[in-house]
Amino acid sequence: MSMLLLLLSNQAWVSTAVICNPVALSPCLGAMVSAFVQPSIACCTSLRDQKPCLCQYLKDQSLQQYINSPNAKKVGDTCGVPFPTNC
């Protein structure tokens, strides 16, 4: 998990009035790496805030394995923020 946080901290983009910073998704980390952890309210809020950035995260090779995982998709569905299928 610390490796993911390190990778996330080195990435930042700007997209339509949203600062794209994957570290903002850190409240979702537990739920994204474990099928047994439910996303928190903080996770869902962060995911909604970062929704315009998800395509950028999916295109980033250092983030793809986390953002494109089945658990991440479950987190998105649970939070009502489905991950994009086409970017």
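Cys-20 and Cys-53 are both buried, where buried means under 20% relative accessible area, exposed over 50%, and partly exposed in between (1.4 Å probe, protein chains only). They belong to a predicted model, in which local features need pLDDT of at least 70, side-chain atom pairs count only at pLDDT 80 or more, and totals for chains, interfaces and linings use all residues. Residues are numbered from 1 along each chain as its sequence is written, and side-chain values use heavy atoms, with hydrogens and water left out.

**The overall pattern**
- A disulfide is a pair of cysteine sulfur atoms within 2.5 Å, and by this rule there are 4 disulfides.
- If you number the bonded cysteines in sequence order, they pair as 1-5, 2-3, 4-7, 6-8.

**Cys-20 and Cys-53**
- The sulfur atoms of this disulfide are 2.0 Å apart.
- Cys-20 sits in strand 2 (residues 18–20), while Cys-53 is in the loop between helix 3 (41–49) and helix 4 (54–59), 33 residues apart.
- Helices (H or I, at least four residues) and strands (E, at least two) are DSSP runs, numbered from the N terminus.
- The torsion about the S-S bond is about -80°, so this disulfide is left-handed.

**Cys-44 and Cys-79**
- Here the sulfur atoms of the disulfide also lie 2.0 Å apart.
- Cys-44 is in helix 3 and Cys-79 in helix 6 (residues 70–79), so the pair ties together parts 35 residues apart in sequence.
- Both Cys-44 and Cys-79 are buried.

**Cys-55 and Cys-87**
- In this disulfide the sulfur atoms are 2.2 Å apart.
- Cys-55 lies in helix 4 and Cys-87 in the segment after helix 6, so the pair ties together parts 32 residues apart in sequence.
- Cys-55 counts as partly exposed because its relative accessibility is 23%.
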